[in-house]
Amino acid sequence: MTTEAPPLSDEKLAVRPRLLSVADAKAMSLAEMTELFKDHINPGQLHFMKLLGFHKVKIERAEGMYYTDQNGRKILDFFGGFGSLAFGHNHPRIIAARQQFQDEDRHEIAIAFMSQYASALARNLAAISPGDLDMVFLGSSGSEAMEAAIKVAERAAGPARPKIVYAENSFHGKTKGVLSLTDSPLYRGEFRLVDNTVKVPFGDIDAIRNAFEADPAIGVIVLETIQGGGGIVQAPVAFWQQLRALCDKHGVLWIADEVQCGMGRSGRFYAFEHAGVVPDVTALAKSLGGGKCAMAAMVASRKVYMKAYGTPKTAMIHAQATFGGIGEACITAIEGLNVLYDEDLIGNAERTGGYLLEQLEGLKAKYPQIIKEVRGQGFMVGLEFQDFSQTLPALLRPMVGMLDEKLKGSLSGFVGAELLRDHDVLVAFTEYNRNVIRLEPPLICGREHVDRFIAALDAVLGRGIARIVRDFIGSQVASKA
């Protein structure tokens with residue numbers, strides 16, 4: 001037996017919830033922001049923001065390479081939204097394209113009809129992509145694009161070959177399908193994930209060969225071309241060439257995850273192009289949205305796509321979602337791709353990114369006890385610090401070495417906090433190797449921005465470990481006073 005809810009009285013129907021307006025949001029104080037973040041978004045995350053001093057910043061506007069905070073302070077952005085800001089903040093051409101789209105009352109959602117904007121974007125991505133990568137699925141996030149990639153490859157591989165190989169320290173997203181291929185106990189939590197997976201070391205062609213030969217049920221392998229969350233980790237060119245040959249030999253489909261390293265960040269549109277090979281499926285997101293919207297794409301070879309979804313009966317198995325190919329997001333991506341080539345941002349990533357790596361190598365030579373390794377390509381760079389014990393005098397190392405695992409991430413956190421607090425420079429960190437600072441500035445970054453960043457980092461490291469630690473502790477004490 002069910003009971004119906006009593007009808008609402010006229011008085012209750014007239015009650016309107018107290019909602020904040022856009023003007024209210026813009027005028028919100030730091031204290032109000034903090035309280036609402038704690039109450040309604042993520043109280044645990046606030047703890048880490050406070051450690052780094054990020055909770056003291058209210059961004060009022062952003063342009064080009066810089067954020068501007070509530071005090072008019074300009075913050076140089078070497079974080080780049082984990083690779084989401086290839087064009088910098090509020091690129092004028094992208095803003096103008098979006099404004100014109102709005103002024104003309106263009107349509108956003110075209111589910112019942114074909115969209116000229118989605119069609120044009122798909123054609124552009126096919127034109128840019130090498131080989132036979134020419135079938136496009138549009139979505140809103142890297143996770144969504146990678147879900148589409150996994151599904152199209154699994155269907156094309158067939159039910160007799162359902163197993164998927166992935167790499168140690170991989171990150172492919174947090175939705176449940178690709179979470180099964182994301183090598184993180186933290187992100188996996190206690191979720192029940194799919195079990196048709198095989199893990200191998202990243203960049204180990206022998207381990208992959210052994211897996212393929214031992215298990216004929218393997219039909220797909222998915223790898224980031226450059227591991228971002230793993231600490232900006234690359235495999236040599238020969239690995240990718242051998243992988244392509246191995247996949248061809250065993251009939252395994254290769255998915256290249258380019259969500260973070262694609263869109264020109266490595267100095268090529270796709271990072272796999274450095275090896276002169278083409279995967280069967282790839283995925284883009286982040287900067288595809290021009291820094292103004294959520295946009296993602298899966299790009300598959302026609303052979304793979306048609307095998308998975310090529311008949312009227314199968315066409316709708318994984319069709320685009322409601323907001324896949326939404327109008328303004330598509331024209332944002334179309335304009336962004338044109339800007340990428342018109343302004344030679346891919347070439348700039350190669351040239352100026354190379355200069356950034358050279359300058360960081362100079363700092364490594366200057367501070368060998370602090371900097372362990374510099375690695376990366378273009379504007380996807382990792383700066384790994386030594387374990388904490390290795391930065392101390394030799395007599396203290398054995399004793400402190402027992403705490404290195406617990407102290408991982410402390411030095412990168414101290415340095416990142418000081419760069420923001422004292423030098424107005426923002427950097428990022430990595431999920432797995434916490435000793436790494438991740439540098440992914442916009443592709444508009446010039447040598448003058450690199451020089452400013454290097455000068456700031458040199459000034460911080462030049463203080464020495466004891467001073468860096470003392471200054472960080474002092475800032476924490478002051479913030480609680």
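A: A crossing is right-handed if the near helix is turned clockwise from the far one, and left-handed if the near helix is turned anticlockwise by less than a right angle. Helix α15 passes helix α19 in a right-handed crossing. The model is predicted: local features need pLDDT of at least 70, side-chain atom pairs count only at pLDDT 80 or more, and totals for chains, interfaces and linings use all residues. Residues are numbered from 1 along each chain as its sequence is written, and side-chain values use heavy atoms, with hydrogens and water left out.

Q: Why are α15 and α19 called roughly parallel to each other?
A: The axes of α15 (residues 345-366) and α19 (residues 447-461) come within 10 Å and cross at roughly 15°. Axes are lines fitted to C-alpha atoms, for helices over the stretch in contact, and angles run from 0 to 180 degrees between N-to-C directions. Angles under 35 degrees count as roughly parallel, over 145 as roughly antiparallel, 65 to 115 as roughly perpendicular and the rest as oblique. The pair α15 and α19 is therefore roughly parallel.

Q: Which residues make the contact of α15 with α19?
A: With contact meaning heavy atoms within 4.5 Å, Thr352, Tyr355, Leu356, Gln359, Leu360, Leu363 and Lys366 in α15 meet Arg447, Val450, Asp451, Phe453, Ile454, Leu457 and Asp458 in α19. These residues divide into 8 nonpolar, 2 polar and 4 charged. Here Ala, Val, Leu, Ile, Met, Phe, Trp, Tyr, Cys and Pro count as nonpolar, Asp, Glu, Lys and Arg as charged, and the others, Gly among them, as polar.

Q: What makes α18 roughly perpendicular to α19?
A: The axes of α18 and α19 come within 10 Å and cross at roughly 115°. That angle makes α18 roughly perpendicular to α19. The crossing of α18 past α19 is right-handed. Val415, Glu418, Leu419 and His423 of α18 make the contact with Arg452, Phe453, Ala456, Leu457, Ala459, Val460 and Leu461 of α19. The contact of α18 with α19 divides into 8 nonpolar, 1 polar and 2 charged residues.

Q: Why is Gly353 called buried?
A: Buried means under 20% relative accessible area, exposed over 50%, and partly exposed in between (1.4 Å probe, protein chains only). Gly353 has a relative accessible area of 0% and is therefore buried. Its place is in helix α15. Leaving aside neighbours within four places in sequence, Gly353 is in contact with Asn348, Gly378 and Phe379.

Q: What makes β13 and β16 edge strands?
A: The open sheet here has 4 strands in the order β13-β14-β17-β16, with antiparallel pairing. Two strands pair if DSSP finds at least two bridges between them. β13 (371-377) and β16 (428-429) each have a single partner strand, so one side of each is left without a neighbour in the sheet. Inside the order, β14 (residues 380-385) and β17 (residues 436-439) run antiparallel and are joined by 4 bridges. Leu383 has Ile437 in β17 as its bridge partner. Helix α15 packs on this sheet, touching β13, β14 and β17, and its direction makes about 170° with that of β13. Helix α18 (residues 410-423) also packs on the sheet, touching β14, β16 and β17, at about 45° to the direction of β17.

Q: How do you know which strands are at the edges of the open sheet of 7 strands?
A: The order is β4-β12-β11-β10-β7-β5-β6, and the pairing is mixed. The strands β4 (133-139) and β6 (197-200) each pair on one side only. From one strand to the next the twist averages 20°. Helix α7 (residues 116-128) packs on this sheet, touching β4, β11 and β12 (296-301), and makes about 135° with the direction of β4. In the parallel pair, 3 bridges join β10 (residues 253-257) to β11 (residues 281-284); Ala256 stands opposite Thr282 in β11. In an antiparallel pair, 6 bridges join β4 to β12, where Leu133 stands opposite Ser301.

Q: Why is β4 called mostly covered?
A: Of the 7 residues in β4, 6 are buried.

Q: What joins β1 and β2?
A: β1 (residues 59-63) and β2 (residues 66-69) pair in the antiparallel sense over 4 bridges. The hairpin of β1 and β2 has 2 residues between the strands, and Gly64 takes a positive phi near 60° there. Helices (H or I, at least four residues) and strands (E, at least two) are DSSP runs, numbered from the N terminus.
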